[in-house]
Number of protein chains: 2
Amino acid sequence: MPERAFTAGLRLDRVRLNISESTVRRLSFYLRILEKTGDAGVDTLSSEELAERTGTTAAQVRKDLSLFGSFGKRGLGYAVPQLASELREILGLDRTWRVALVGGGRIGSALFEYGGFRHRGFEIVAVLDADPAKVGTIWGDVVLSDISNLEAVLRAESVDIVVLTIPAEAVPDVLDRVVAGGVRGILNFAPVQLRVPSDVTVKDVHMVMELEALSFALSQTGGE
Amino acid sequence: MPERAFTAGLRLDRVRLNISESTVRRLSFYLRILEKTGDAGVDTLSSEELAERTGTTAAQVRKDLSLFGSFGKRGLGYAVPQLASELREILGLDRTWRVALVGGGRIGSALFEYGGFRHRGFEIVAVLDADPAKVGTIWGDVVLSDISNLEAVLRAESVDIVVLTIPAEAVPDVLDRVVAGGVRGILNFAPVQLRVPSDVTVKDVHMVMELEALSFALSQTGGE
DNA sequence: TCCATTCTGTGAACGAATTCACAAGGGCCT
DNA sequence: AGGCCCTTGTGAATTCGTTCACAGAATGGA
């Protein structure tokens with residue numbers, strides 16, 4: 001039983017219940033919109049407006065939020081900064097996450113140089129690669145480590161999340177060692193199924209599969 | 001009514017029926033496994049084995065495939081090269097798709113240098129950016145074009161699919177022009193909802209949202 | 001040839017997620 | 001203060017996707 005403090009609106013009794021992946025993804029999207037409109041000086045948003053900007057329905061927005069509490073005012077809508085702050089807390093974004101980049105190739109380096117992660121509280125504290133020519137090179141404020149020290153680096157840097165951008169064939173070995181290093185969150189770019197213990201969460205980014213899904217869609221409607 | 005020729009096993013009557021996004025994503029994954037095991041010399045695979053390697057269930061595999069035809073042999077399983085070829089056709093991968101990269105920043109250049117797309121039949125035939133300093137530079141075998149010529153380039157190169165890696169604020173304008181350029185498939189990396197006509201298909205890759213979903217998952221189980 | 005074994009293909013059952021529809025709360029104007 | 005309008009929060013209904021369970025096809029062995 002968790003004993004952590006939540007804000008008044010949060011429903012402790014429901015927090016542990018099945019929240020679907022799609023709900024979480026939408027929450028993340030709602031938060032983005034709230035931050036954007038908040039910056040633009042808007043202070044209230046209805047479920048309808050939120051739905052329109054995120055490509056869903058007003059009922060869906062209200063249902064998603066209702067899983068965590070009552071954050072709106074009937075007749076009025078949602079207070080933008082307040083709801084944003086609730087969502088940040090729900091999503092666990094009221095802290096910094098320590099991220100290691102495992103794989104320093106094309107994708108890995110693009111993610112590193114792309115500042116978008118750090119701005120949202122994901123700090124890259126280590127980069128690892130198997131290529132001896134890369135080991136020791138300086139990436140921004142971190143020195144690239146040899147992947148043979150993986151477990152040690154993960155523990156020394158208290159890494160929470162690993163971003164895996166290694167070739168498929170290297171996955172089984174590296175994955176075991178990531179888990180052994182105590183990491184319980186993995187963002188996986190390799191086009192293989194990661195087999196992990198149940199206390200480890202994996203999210204996949206499969207760009208080629210998305211392209212193939214586009215190919216399918218175009219083939220369906222195309223030809224005329 | 002489509003009049004195109006399909007192989008014997010394909011069910012013309014069902015091809016247009018609702019195939020869910022999850023089914024398509026799995027088909028793409030099955031294909032990968034088939035190609036990998038085919039290269040390893042395996043010539044037959046059961047739904048059970050396919051399921052294990054893709055992280056789903058045997059029933060799911062059979063159901064997915066049954067939406068398009070009967071490709072297996074009872075008591076035996078699926079012939080690897082044959083099923084791979086069927087899936088390639090179903091997914092529309094029996095041709096080359098012409099892709100334009102719109103946005104030549106971090107992500108865009110990483111995707112360009114990453115060879116994984118071309119190997120699967122997605123050929124990058126144009127790269128466009130708004131930065132005058134980049135226009136005219138040579139990327140592999142293409143010259144980077146000014147985004148002000150967007151529609152013209154898309155038409156001249158017969159672009160099928162656009163990969164959008166531009167900042168969120170540039171999206172509304174560029175998106176309209178992508179659609180005006182006749183493109184009906186978009187792989188979107190910008191963290192905004194794309195509003196497009198119904199004959200245009202969009203697939204999103206939202207890496208930061210995936211990270212936030214990880215943050216949520218870790219917050220749920222963490223703390224003890 | 002016949003039986004035992006294996007694994008597919010698929011209706012039916014189930015469960016999860018979305019949408020509907022409306023009662024109740026809140027603000028504003030007169 | 002009262003009435004009107006607006007928008008939330010949420011059970012109920014519906015739709016969609018997954019899992020179950022088994023009949024039927026293919027193979028190999030006796």
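This is a predicted model: local features need pLDDT of at least 70, side-chain atom pairs count only at pLDDT 80 or more; totals for chains, interfaces and linings use all residues.

Residues are numbered from 1 along each chain as its sequence is written, chains are lettered from A in the order in which they are written, and side-chain values use heavy atoms, with hydrogens and water left out.

Around DNA strand C there are 26 residues, counted as near if one of their heavy atoms lies within 4 Å of the strand. They split into 4 nonpolar, 12 polar and 10 charged (Asp, Glu, Lys and Arg are charged; Ala, Val, Leu, Ile, Met, Phe, Trp, Tyr, Cys and Pro are nonpolar; the others, Gly among them, are polar).

| Protein atom | Atom of DNA strand C | Distance |
|---|---|---|
| Arg74(A), polar side-chain atom | base nitrogen | 2.8 Å |
| Ser47(B), polar side-chain atom | phosphate oxygen | 2.6 Å |
| Gly72(B), polar backbone atom | phosphate oxygen | 2.9 Å |

Now for the two chains: 64 residues of chain A are in contact with 64 of chain B, contact meaning heavy atoms within 4.5 Å. What holds charged partners face to face here? The rule finds 6 salt bridges across the interface of chain A and chain B (a side-chain nitrogen of Lys or Arg within 4 Å of a carboxyl oxygen of Asp or Glu). One salt bridge joins the side chains of Arg120(A) and Glu212(B), at 2.5 Å from N to O.

Technical notes. A polar contact is a pair of N or O atoms within 3.5 Å; within protein, one must be able to donate a hydrogen and the other to accept it, and residues adjacent in sequence count only if both atoms are side-chain atoms.
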